[in-house]
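Colleague: I am new to this structure. Please take a close look at the aromatic pairs, and walk me through what surrounds them.

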Amino acid sequence: MDKDNAGREALIQWMRSTGISQNEMAKRTGIAQTTIGRWCNGSNLPSLEAAMRIEDFTFGNVRAASWVASR
């Protein structure tokens with residue numbers, strides 16, 4: 001699995017395990033739901049700043065490095 005997929009898969013798994021929807025994550029982080037959806041479907045990658053916000057929001061369960069290490 002490449003690093004881009006690692007971040008995507010980790011985010012999807014975290015959302016499933018916590019029961020947090022894309023919409024709820026959007027409300028809590030201030031990141032557009034459409035953007036989160038693009039990360040989840042693999043059509044886009046988060047910026048470093050966004051990857052850090054994801055890491056903070058998931059309490060370190062979705063590491064920023066899992067998204068950006070391959071860049």
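Predicted model: local features only at pLDDT ≥ 70, side-chain atom pairs only at ≥ 80, totals over all residues.

Modeller: Searching the whole structure turns up two aromatic pairs. Take Trp14 and Phe57 to begin with. Trp14 belongs to helix α1 (residues 3–18), while Phe57 belongs to helix α4 (residues 48–57). The pair therefore ties together parts that are 43 residues apart in sequence. Trp14 is buried, at a relative accessible area of 9%. Phe57 is buried as well, at 16%.

Now the other pair, Trp39 and Trp67. These rings are tilted: the centres are 6.4 Å apart and the planes make 55°. Trp39 sits in helix α3 (residues 33–41) and Trp67 in helix α5 (residues 65–68), so this contact ties together parts 28 residues apart in sequence. Trp39 has a relative accessible area of 3%, and is buried. For Trp67 the value is 0%, again buried.

Stay with α3 for a moment. Which of its residues are buried? They are Ile36, Gly37, Trp39 and Cys40. Looking down the axis of α3, these buried residues fall within an arc of 160°, so they line one face of the helix. Trp39 is thus one of the buried residues of α3, and it is the partner of Trp67 in the tilted pair. Just after α3 comes Gly42, which takes a positive phi of about 85°.

Key: Residues numbered from 1 in each chain as written. Heavy atoms only, no water. Phe/Tyr/Trp six-rings, centres within 6.5 Å; stacked < 30°, edge-to-face > 60°. Helix = DSSP H or I, 4+ residues; strand = E, 2+ residues; numbered from the N terminus. Buried < 20%, exposed > 50% of the residue type's maximum accessible area, 1.4 Å probe, protein only. Arc of directions from axis to C-beta.
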